Amino acid sequence: MSETYSKQQLLEFFRGMLLIRKLEERIGYLFLEGAIPGTLHQSLGQEAIAVGVCAALNKDDVITSGHRPHAHAIAKGVELTAFMLELFGKPGGCCEGRGGSMHVGDIRVGMIPSIAIVAANIPVAAGAALSFKLRKQPRVAVAFTGDGGVAEGAFHEGLNLAAVWNLPFVCIIENNRYAASTHYSRNTKLEKLSDLAKAYGIPGLTIDGNDVLQVYQSAKEAIERARGGGGPTILEAMTYRLTGHNRRDPCNYMPEEERDQAYADDPLLRFQKFLLASNYIDESTAKSFGDELEAIVEQAVETAVAADEATPEDAMKHVFA
Amino acid sequence: MTQRRTILQALRDGLAEEMARDPDVFCMGEDISIAGGWGGVFTVTLGLEERFRGQLLDTPISELGYFGLAVGAAIMGMRPIVDVQYGDFLFLAMDQVVNQAAKMRYMSGGKVNVPMVIRAPIGATGRGAQHAQSLERFFFGVPGLKVVCPSTAYDAKGLLKSAIRDNNPVIMFEHKLLYGSKGLGQATGAVDASDDIPDEDYTVPIGKGVIRREGTDVTIIATLLMMHVAMNAAEELEAAGVSVEVIDPRSLNPFDWALVEESVKKTTRAMVLEEGPKFGGWSGEIAATLAEKMAEYLTAPVQRVASPDIPVPFSPTMEQYYRPGRQDVTQAVMSLLQYA
């Protein structure tokens with residue numbers, strides 16, 4: 001580990017991941033109870049990537065995400081109650097109830113409302129990066145996509161333009177192995193998706209996406225290179241989806257050994273073990289963090305449940321500026 | 001003071017004036033500012049290369065890509081203008097136009113705007129089926145997207161400025177036979193759409209139509225090249241004693257219903273003229289709405305004159321057959337009068 005971390009920084013990583021985990025678990029139940037409408041694509045098992053990357057970003061840097069955006073939203077700082085209200089489709093939600101789970105975001109904290117067309121967020125993020133370059137602002141844009149995103153035309157066109165114009169842009173491929181139910185080996189002949197970077201003449205790196213410190217360090221290098229005028233990078237972060245593609249997916253296409261391995265490789269548990277072994281925390285601190293974050297989540301849930309439903313006619317607002 | 005300008009010159013002036021006024025305005029497109037190049041296929045940005053070096057971005061052939069970049073830059077508050085060489089290429093960027101640009105403000109609950117302009121040359125002009133379509137039908141019914149269709153140089157410049165200053169995505173369709181392009185962009189069958197354009201800054205409001213010619217017997221609604229066809233037909237019909245009112249809505253979304261309704265109350269007969277297949281065109285939407293709202297005033301069913309339901313053919317004789325002409329219009333007007 002070339003980077004040295006303060007205890008506070010390490011605990012922030014841990015609490016960041018733990019908050020997302022607690023949130024996703026709670027949301028999952030709410031959905032199964034029928035309290036949250038629509039569908040859910042959850043981030044369980046992929047928390048280290050969102051937390052590690054966003055920790056390496058400045059407040060005024062910008063991210064875009066796709067249909068699985070919960071972890072990115074929380075890690076970039078979308079306010080928890082506004083996030084929860086959005087999942088319920090209620091007024092005060094971060095998109096005033098017009099977005100829902102797949103479109104969460106808040107431009108005020110540097111997250112463009114999520115774009116649920118696979119890879120379509122990549123050129124959009126590159127466009128934010130273009131604006132930074134044209135306006136000579138020292139800001140960076142990051143696009144999160146998945147292994148399923150790499151076969152899309154938007155992936156290629158966005159990356160190619162970002163590379164040709166040397167934009168302050170980083171593309172994170174969260175390789176959770178499955179594009180919905182299709183294993184990534186059926187979508188590409190490449191063993192490493194980061195090798196795609198060679199096609200654009202930019203750096204590409206495959207990292208352990210379940211190691212929050214490795215994610216942070218690699219992201220930081222890529223982000224600071226972009227900020228310094230060094231152009232874009234592709235980072236492939238290897239991970240695994242610990243839930244279904246959506247909440248109704250029983251995951252019968254995932255081999256049992258593979259799933260068992262993934263549970264053993266849970267990024268949150270791994271990091272907790274590391275913190276315990278290095279005496280940064282003890283069991284009781286870990287538990288008290290959990291209790292504290294659960295209570296924070298619960299408060300957001302209570303607010304959202306109690307909030308008024310949207311006024312139907314308000315659907316007419318916000319079409320045009 | 002005024003200066004005589006073609007549509008392409010008016011657009012060039014408009015782009016230059018807006019880029020000079022606001023450094024956040026910039027253009028992205030294919031071959032738009034290559035030194036020794038053409039200033040775009042229809043030469044609209046020719047001659048601006050040096051003065052606006054930092055505001056004219058030549059892209060790879062990558063419509064989905066640079067349209068997406070425009071959406072992202074617009075979200076951050078810039079005012080990109082993207083163009084396609086031919087409107088038909090818009091399909092390559094359809095997701096960014098319809099799913100991203102048009103919906104982003106709504107999906108954000110009004111917190112994000114996408115102030116971008118899309119310019120697209122359209123119309124059947126001897127280039128076969130893939131450089132020829134009239135694309136309005138695919139875009140005029142997209143909530144969150146404004147659609148403008150200038151038929152004159154004055155309107156082209158004024159609508160362009162309005163579009164650039166608008167906080168919503170606006171798509172501008174430009175007819176290839178109306179540009180007035182010389183040389184590379186010249187097209188057979190071109191129609192003069194030039195105007196005396198004032199030197200001072202002006203805009204044409206989006207969503208406001210104009211009466212091109214007053215009349216009392218029949219209202220014809222037409223945009224772009226078809227507006228000129230309607231004017232020719234109206235002249236011919238006048239000689240036959242028929243008084244035609246020609247309305248150029250100039251915008252398809254939002255649509256100037258008030259202007260059209262006022263006219264139809266007076267004439268009691270309406271015809272919508274559209275280049276492009278009749279089935280599924282914008283003329284059907286206008287006709288249906290008039291039938292719904294204006295039944296008590298109408299003395300004849302609303303007529304549509306449009307192209308047959310086929311791709312645009314290459315052969316000049318077939319293309320002539322495809323594009324509605326003056327005779328199609330006069331015949332339709334005469335049939336409307338049969339009901340009286």
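Q: Is B:L224 buried or exposed?
A: The model is predicted. B:L224 has 27 C-beta neighbours inside 10 Å. A residue is buried if 20 or more such atoms lie within 10 Å, so B:L224 counts as buried.

Q: What is the phi of B:L224, and in which helix is the residue found?
A: Most residues other than glycine have a negative phi. B:L224 is not a glycine, yet its phi is positive, at about 50 degrees. The residue belongs to chain B, in the helix that spans residues 224-239, namely α6.

Q: Where does A:E96 lie, and is it buried or exposed?
A: A:E96 is a residue other than glycine with a positive phi, near 50 degrees. Its place in chain A is the loop between α4 (80-87) and α5 (121-134). Because 23 other C-beta atoms lie within 10 Å, A:E96 is buried.

Q: Which peptide bond is cis?
A: Most peptide bonds are trans. B:P254 sits in the loop between β12 (251-253) and α7 (257-267) of chain B. With omega near 0 degrees, the cis bond is the one from B:N253 to B:P254.

Q: Which element gives the most to the side of chain B that touches chain A?
A: The contact takes 33 residues from chain A and 34 residues from chain B. On the chain B side, the elements that give two or more residues are α2 (63-75) and α3 (94-107). With ten residues, the element that gives the most is α2(B).

Q: How do the residues of the side of chain B that touches chain A divide?
A: Three classes are used here: nonpolar, polar and charged. For the side of chain B that touches chain A, the division is 16 nonpolar, 15 polar and three charged.

Key: Residues are numbered from 1 along each chain as its sequence is written. Chains are lettered from A and ligands numbered from 1 in the order in which they are written. This is a predicted model: local features need pLDDT of at least 70, side-chain atom pairs count only at pLDDT 80 or more; totals for chains, interfaces and linings use all residues. Helices (H or I, at least four residues) and strands (E, at least two) are DSSP runs, numbered from the N terminus. A residue is buried if 20 or more other C-beta atoms lie within 10 Å of its own, exposed if 12 or fewer, and partly exposed in between; C-beta atoms are placed from the backbone. Two residues are in contact if their C-beta atoms, placed from the backbone, lie within 7 Å. Ala, Val, Leu, Ile, Met, Phe, Trp, Tyr, Cys and Pro count as nonpolar, Asp, Glu, Lys and Arg as charged, and the others, Gly among them, as polar.
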